[in-house]
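Welcome, and please open your viewer. We will go from the whole chain to single residues, one selection at a time.

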Amino acid sequence: MEEQLIRLLGETVNDGLYQIILSNPREKNKAFKIKVKPVMVKGSLRFQQTIYEGTKVFHENLTAVDMSKRVQELIIHDFKQCEIEHRQCKAMVLVSKKGKITVRSKKSDSTETEPAVDNAVQFAHNRVKQYILKEGIAVPFLIDLGVQTKEGKIVHSRYGKFKQINRFLEFIEDILPTLSKERTVHIIDFGCGKSYLTFAMYYYLHDLQGYDVEITGLDLKEDVIERCNDLSRKYGYEKLRFLKGDIAEYNEAGQVDMVVTLHACDMATDYALAKAVKWGAKVILSVPCCQHEVNKQIHNEELAVLFKHGIVKERVSALITDAIRAELLEAEGYEAAVLEFIDMEHTPKNLLIRAVKKPGSDKKGQTKARQRVEELAGFLGIDPALKRLL
């Protein structure tokens with residue numbers, strides 16, 4: 001069967017590939033999933049390997065030949081299952097406990113009629129195929145929120161929102177190993193607004209991934225909350241509810257597994273992060289917005305050139321704010337990262353702070369993180385809200 005596997009990879013690791021997903025690892029302490037997709041690097045076709053290991057994600061770009069060899073080795077030695085989606089076929093590779101390889105392949109229905117397309121169009125098609133929520137498949141909440149038509153087509157003016165929703169779900173996908181399937185997963189979404197991403201999160205976790213999930217969305221706008229609750233009842237989402245309330249004053253939660261805060265303005269983000277730490281949430285996903293506090297405080301003669309121009313000072317202050325937030329979460333025992341949320345062309349507020357609670361305790365590392373924040377705050381003459389709240 002290895003010959004059949006080699007032939008399959010030779011026929012699919014090319015510009016017609018949509019994606020390869022390797023899953024069901026033989027050893028639990030290694031990567032739990034690997035994705036492969038075609039990418040253009042400086043005008044050349046490459047294949048990007050995305051490795052999901054614990055809460056970390058690693059990337060590597062390889063040529064077609066090298067990626068074929070890499071996937072072959074991974075199937076033989078590391079993974080029990082491999083799914084391949086190609087323009088001309090879909091394939092499944094299974095490996096038994098004794099190492100027997102079974103290859104099942106089926107030609108795509110569109111193979112006979114699909115017209116030839118150039119590489120640029122083909123790669124655009126590849127990106128569509130890799131979305132978690134697919135174009136052409138109608139999702140009720142996307143229709144009601146004006147992102148899709150009843151036929152499942154994306155409304156042109158809302159394509160940025162569709163892309164944002166899928167990007168957010170990729171972050172959710174990355175942290176799935178930290179969420180329990182043995183009990184109800186409790187999630188708080190602070191500043192949920194119109195709740196595009198809240199509905200997407202519930203739909204993905206409950207409907208697509210089978211989690212028993214309970215999500216509470218919190219916002220100050222009463223009409224928005226009423227509208228979201230109406231939609232939740234319409235879809236039969238029994239464990240998705242929306243409440244009117246202020247982030248700083250909300251104390252109704254019991255056990256909380258994940259806290260999400262999307263575009264909560266200025267210090268509202270800090271209050272949400274502080275609540276998440278207080279509750280011991282395993283996962284925090286935060287997209288900050290409108291960071292004014294540090295901009296008003298920051299002062300340092302040695303860095304005066306950075307603060308001379310208002311727009312530069314504003315952006316530098318926002319980046320410093322998010323870097324300090326991430327470092328403070330590290331000081332509280334989280335593994336934190338500041339990541340790009342979506343392309344700058346869609347919104348300048350494009351950073352996401354992802355924090356995942358570390359197992360065990362690293363008091364020495366946490367103390368160093370606190371010291372780094374204290375030193376930086378003193379150097380810049382600032383006293384950030386999250387530092388005070390924690």
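Among contacts in the protein between residues at least 6 apart in sequence, what percentage join residues at least 24 apart? The share is 65%, where a contact means heavy atoms within 4.5 Å.

A word on the model before you click. This is a predicted model, in which local features need pLDDT of at least 70 and side-chain atom pairs count only at pLDDT 80 or more, while totals for chains, interfaces and linings use all residues. Residues are numbered from 1 along each chain as its sequence is written, and side-chain values use heavy atoms, with hydrogens and water left out.

**Stop 1: the whole protein.** Show the cartoon: the secondary structure comes to 13 helices and 14 strands, which are DSSP runs numbered from the N terminus (helices: H or I, at least four residues; strands: E, at least two). The radius of gyration is 23 Å, close to the 21 Å that the globule rule gives for 390 residues, so the protein is as compact as a globular protein of that length. That radius is taken over C-alpha atoms, and the rule is 2.2 Å times the number of residues to the power 0.38. Along its principal axes the C-alpha trace spans about 65 × 50 × 45 Å.

**Stop 2: the largest nonpolar core.** Select Phe-141, Phe-168, Ile-187, Phe-199, Met-201, Leu-205 and Met-258, which touch the most other members of this 50-residue core. Such a core is a set of buried Ala, Val, Leu, Ile, Met, Phe, Trp, Tyr and Cys residues joined through side-chain atoms within 4.5 Å; buried means under 20% relative accessible area, exposed over 50%, and partly exposed in between (1.4 Å probe, protein chains only). Now colour helix H6 (residues 196-208), which gives the most to this core, with 9 residues. For a second, separate core of 35 residues, pick out members including Ala-274, Ile-298, Tyr-334 and Ile-353.

**Stop 3: Leu-205.** Return to helix H6, where Leu-205 lies. Leu-205 counts as buried because its relative accessibility is 1%. Leaving out residues up to four places away in sequence, its contacts include Ile-172, Leu-176 and Ile-187.

**Stop 4: Asn-24.** Finally, select strand E1 (residues 17-25), which holds Asn-24. Most residues other than glycine have a negative phi. Phi of Asn-24, however, is positive, near 55 degrees. Is Asn-24 buried or partly exposed? At 40% relative accessibility, Asn-24 counts as partly exposed.
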